[in-house]
Number of protein chains: 2
Amino acid sequence: MMPDLRFLVACALVFLTGSTLAAQAAQHPSMAEVLAASGPTDWRPLDPQNTLYVELPRGRVVIELNPRFAPLHVANIKKLIEARYFDGLSIIRVQDNYVVQWGDPDNRHPLPAGLGRVAPEFDSPLPSHMPFTRLPDGDVYAPEVGFSDGFPVARSHLLQRTWLAHCYGMVGVGRDVDVQSGSGAELYVVIGHAPRHLDRNVALVGRVVKGMELLSSLPRGSEEMGFYAKNEAPLPIKSIRLEAEVPPSERSSLEVIRTDSAAFAALIESRRNRPENFFVVPAGRIDLCNVPIAVRERR
Amino acid sequence: MMPDLRFLVACALVFLTGSTLAAQAAQHPSMAEVLAASGPTDWRPLDPQNTLYVELPRGRVVIELNPRFAPLHVANIKKLIEARYFDGLSIIRVQDNYVVQWGDPDNRHPLPAGLGRVAPEFDSPLPSHMPFTRLPDGDVYAPEVGFSDGFPVARSHLLQRTWLAHCYGMVGVGRDVDVQSGSGAELYVVIGHAPRHLDRNVALVGRVVKGMELLSSLPRGSEEMGFYAKNEAPLPIKSIRLEAEVPPSERSSLEVIRTDSAAFAALIESRRNRPENFFVVPAGRIDLCNVPIAVRERR
């Protein structure tokens, strides 16, 4: 797929002598240097109305919701939070190199009244204008990929559709075969190599911005698809709350790099051609799910 | 990078009516069906001379070595095993969405005599003949990718080079900035989204074929790059042995699908176009690190 000529040119560059490489390294700052040089306008705070706190016994997982791609599912999730539906449920599935999922396997918690069946929302019409920082190196699955409002996104002008991409840390709505069965009551988080075959088959609603390691390091379930067996005590979910309803003193104070900023463009370049001395053959390329969307404590 | 026209054709296919989709599904067996229908010649046993048992307190991790791409590093690793170098060392680093690494941070274990500094072996000359099951959907990082002798491989005819690819579960030789500093005494395993930027920058020597979950679910280290802090007790490595030196009654008896078999070709097709009812938009494509290289108990 990749034109071999472009690859050759890229490789010819990195086959040059060490002095040239050193000169290149001097020109390209590392990601740490890019972030250190960024200004306040390169960052945005999380929106308390679209930020979830998943409180686990070992700590807090912070999720940024993206209501633009799946507004009906996001609205359902907010209704579920308002009804305290998730509190006391469990993580029921941890499948290696795939997903962590939580829910209510025993139907102990009735769904709140008024929680409607919603349209699939697996992709969206391509708007005439959307913020889009396009990656230059292509993608195996989609004609175009990049970042929009801090999320990894794919799009097709021919199909006139756009969709969120299943990268590490993305949060989706579990469903059965029925495409309208995903109420939002079961959510999953990607903990392995990007399962991009799920793109356009499930509603993605957000991304973990802090606490991934609390999910990714959980014991894997021994039953099919990583579900926990009866003797594998599932981890309880203490609560899920909207940031807006948590007292300010108890909030995580995070900000995310703006994916339409100059700092993020520099970050992408730094990751396409790693300037660190360790690298003898910088890739000269990067795939969508290898670009870190930087998050830090708010300043 | 992907021709939009091909994408449109693929998408047009999946936009056809449900009856057509059902007919497609009937034509394409699922991966489970492919494996169930496979014959004995579609599988190969592991070679006891190139299979490692990493014995951890919670169980055994089985690694298949690939001596063709990094023969000097593999020879070093065998010397280290013979000297019982690894026994009693620890897992010293677990970086989320990246690698698990073991070694001897305190230099308690002297390296065995005769363990030479070896050439980088980060890629290899492209042989005139190599088994290669090429994937049809391209790759972001390399002109061609596929499978050779059960391993994910990239190659370039223009560069006349080939190399193993950093997919989930691949095992590499940790090194410092000095490209000859990777003796084999520190090994790492990929536990996250494929860090393909490491391709051609490190010597890959093998792949975990069983027990990944024992590594991927370890607590992440809190220090920089996921190294464990002093107060985070690192997991001990009881021993690393070659399968050939373990009594037959204590061996794991595994076989791996032959990546040049008809069954593996059918597996790839089944994963490119998931026939399971769950999928409403089969991807019609697959990336290198999403193809499962099936492993099972030997029959």
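Modeller: A disulfide here is a pair of cysteine sulfur atoms within 2.5 Å. By this rule the count comes to two disulfides over all chains. Please keep in mind that this is a predicted model.

Biologist: Which residue does A:Cys167 form a disulfide with?

Modeller: The partner of A:Cys167 is A:Cys289, and their sulfur atoms are 2.0 Å apart. The pair links distant parts of the chain, 122 residues apart. A:Cys167 sits in the loop between β10 (161-164) and β11 (170-173) of chain A, while A:Cys289 sits in the loop between α6 (262-272) and β16 (295-297) of chain A.

Biologist: Is the disulfide of A:Cys167 and A:Cys289 left-handed or right-handed?

Modeller: The torsion about the S-S bond of A:Cys167 and A:Cys289 is about -70°, so this disulfide is left-handed.

Biologist: And in chain B, what does B:Cys167 join to?

Modeller: B:Cys167 is joined by a disulfide to B:Cys289, with an S to S distance of 2.0 Å. The link of B:Cys167 and B:Cys289 is left-handed, with -70° about the S-S bond.

Biologist: Are B:Cys167 and B:Cys289 buried or exposed?

Modeller: Buried means under 20% relative accessible area. B:Cys167 has 5% and is therefore buried; B:Cys289, at 10%, also counts as buried. In chain A, both A:Cys167 and A:Cys289 are buried.

Biologist: Let us change topic. What rotation superposes chain A on chain B?

Modeller: A rotation of 180° with 0.0 Å of shift along its axis does so, with an RMSD of 0.0 Å. That is the relation of a two-fold axis.

Biologist: Through which surface do the copies meet?

Modeller: They meet through the same surface, because 100% of the interface residues of chain A are also interface residues in chain B.

Biologist: Now to helix α4 of chain B. Which residues of α4(B) are buried?

Modeller: They are B:His73, B:Val74, B:Asn76, B:Ile77, B:Leu80 and B:Ile81. Seen down the axis of α4(B), the buried residues fall within an arc of 155°, so they line one face of the helix. As background, an α-helix has 3.6 residues a turn, so residues three or four places apart point the same way.

Biologist: What do the buried residues of α4(B) pack against?

Modeller: They pack against several strands of chain B, including β2 (51-56), β3 (59-65) and β13 (204-210).

Biologist: What should the 12 residues of α4(B) span?

Modeller: At 1.5 Å a residue, helix α4 (residues 71-82) of chain B should span 16 Å, and its end C-alpha atoms are 16 Å apart, which agrees. Just after α4(B), B:Arg84 takes a positive phi of about 60°.

Key: Residues numbered from 1 in each chain as written. Chains lettered and ligands numbered in written order. Predicted model: local features only at pLDDT ≥ 70, side-chain atom pairs only at ≥ 80, totals over all residues. Heavy atoms only, no water. Least-squares fit on C-alpha atoms with pLDDT ≥ 70 in both. Contact = heavy atoms within 4.5 Å. Helix = DSSP H or I, 4+ residues; strand = E, 2+ residues; numbered from the N terminus. Expected span 1.5 Å × (residues − 1). Buried < 20%, exposed > 50% of the residue type's maximum accessible area, 1.4 Å probe, protein only. Arc of directions from axis to C-beta.
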